[in-house]
Amino acid sequence: MPYSVRPMELNYFAGFFDGEGCIMISSRKKGRPYHTLDVAVTLTRRSVLEDFQVAFGGRVYSATREKTYYKPKWQWIIGGDNAMKFLEQIKPFLRLKRQEAELGIEFQKAKESYHSSLFREARRAIEEAQYLAMKGLKK
């Protein structure tokens, strides 16, 4: 269960996230196609990621190592509305990933407002456009 994070701690988390974090609008193709907002941080220090988990929720997983002689890696990941809430909290402190955070927040808010079946096709088109915009920011 996340706890209330003080501004000084938000600055700390935002600094870590600016350097090591990732904001993704992922495209899922299985079954009915849809897009989802995910936020992740991958590090070799699990304790830092557990701090993220305590503060904001989400999960800490063992991440795949590319080489057996590399240190073990861990990943904290959070998605959907919880990812949006995390981004809203740290956005004022971001420097490098602010534009990506704004797009992620906008994406998730739009997703919440298009639950009616009337807007299903419009929502998919908007999600695809935001997915492509996020990919463009990564270049």
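I began with β1 and its partner β2 (residues 34–43) in this predicted model. The two strands run antiparallel, and I found eight bridges joining them. I then looked up R28: its bridge partner in β2 is Y34.

Next, the whole sheet. I see an open sheet of four strands, in the order β1-β2-β4-β3. Pairing is antiparallel. Which strands stand at the edges? I find β1 (21–28) and β3 (59–63) there. Each has a single partner strand, so one side of each is left without a neighbour in the sheet. From one strand to the next, I get an average twist of 35°.

Then I checked what packs on the sheet. Helix α1 does, touching β1 and β2. I note about 105° between the direction of α1 and that of β2. Helix α2 (residues 46–56) packs on the sheet as well. I have α2 touching β2, β3 and β4 (73–79). The direction of α2 makes about 15° with that of β4.

Last, the helix pair. I looked at α1 (residues 7–20) against α3 (residues 80–90). They pack at an angle of about 110°, and their axes are 9 Å apart. I therefore log α1 as roughly perpendicular to α3, since angles of 65 to 115 degrees count as such.

Which residues of α1 meet α3? I list L10, A14 and F17. On the α3 side I have F86, L87, Q89 and I90. By class, I record six nonpolar residues and one polar residue in this contact. No charged residues take part in the contact of α1 with α3.

Key
Residues numbered from 1 in each chain as written. Predicted model: local features only at pLDDT ≥ 70, side-chain atom pairs only at ≥ 80, totals over all residues. Heavy atoms only, no water. Axes fitted to C-alpha atoms, helices over the stretch in contact; angles between N-to-C directions. Parallel < 35°, antiparallel > 145°, perpendicular 65-115°, else oblique. Contact = heavy atoms within 4.5 Å. Nonpolar A, V, L, I, M, F, W, Y, C, P; charged D, E, K, R; others polar. Pairing = 2+ DSSP bridges.
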